[in-house]
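I opened the model to look up a few things. My notes follow.

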Amino acid sequence: MAAAFLWDNLIDSAAFVGDLDVPAIAALPLSNLLDPQPRVRARWQPASAIIYVDLGSARSVSCVALIGTTLGAVAGGTVRVRLGPDAGFGTSNWDTGAVDPQTNGAGNGNIVLVHPTSTTGRYLRLDISNLVDVALDIGRLVAGPLFRTTYSWAYGAGEGRLMLDRRDRNGFTGAEFPVPALCNPRIMNFTLPAITPAEAIGEFRSMRDTLGAVGDALWIPNDGLSLAELNQRSIWGAVAQPGESALITRSNFRLHSRSFQMVERV
């Protein structure tokens, strides 16, 4: 199975037709799904929503992801994604059915739904329900094509957490005062050692020039993982850091390579 990036978020240029069930509350409106900071959330009370998006034209979609949700805090929620050519969804080119999101707070409530290949459609609809909970929060809605790399990442990759917890120490008594962070974001260091020339001058160049160091992308280490593992291991964050020389190296006659450090944006 392939590693993949979702860097062209079609939602940023789409039009929200609206909330077809219960509107998001006025203080945390639907438009917050477009805010680049995931902790600026849209909220629904009660905890159910039907989000309807017009992509403007038939577009290629391989993945739909919800970033920074409260789903999973209470068992019983479901998510259904449909993508189709007509506004009434008489037919759907992609219909996940109602699925258990298989997420939790440790995974930042992220839900990453991946199409086995890719499909096209103009209208996107998400039916989200958790009638057991009192409210539903969603930080970001992301949808678009996946750049599936020809070759996966190399041995030596590291996955874990960036520990933002503190252990302040009194310099006189030596006493420690541990302070837990609200979140220790996920982090992954990895190298793509075999980037084809077509990828180097195509998707990688477009991703680098479009996002720079301020845009975010979704990194999926393996698009064949179970939904629970996709949620736990996929990272939404920057693919380049400010001041970094974002170089792609021609490592041999036929291939290029590039190293990344991605830290989850929460």
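**A buried asparagine**

I looked up Asn231 first: Asn231 is buried, at a relative accessible area of 1%. Buried means under 20% relative accessible area, exposed over 50%, partly exposed in between (1.4 Å probe, protein chains only). I note that this is a predicted model, where local features need pLDDT of at least 70, side-chain atom pairs count only at pLDDT 80 or more, and totals for chains, interfaces and linings use all residues. Residues are numbered from 1 along each chain as its sequence is written, and side-chain values use heavy atoms, with hydrogens and water left out.

Asn231 sits in helix α3 (residues 227-233). Helices (H or I, at least four residues) and strands (E, at least two) are DSSP runs, numbered from the N terminus. I then listed what Asn231 touches, leaving out residues up to four places away in sequence: Pro101, Gln102, Thr103, Gly107, Asn110, Ile111, Val112 and Arg186. Contact means heavy atoms within 4.5 Å.

**Helix α2**

Next I checked α2 (residues 203-211), where Phe204, Met207 and Leu211 are buried. They cover an arc of only 65° around the axis, so they lie on the same side of α2. The arc is that of the directions from the helix axis to the C-beta atoms. Asp209 and Thr210 are exposed on the other side of α2. The cover over the buried residues of α2 includes β14 (186-195) and α1 (197-201). Gly212 follows α2 with a positive phi, near 55°.

**Whole chain**

I counted 3 helices and 18 strands in the protein chain. Of its 266 residues, 45% are buried.
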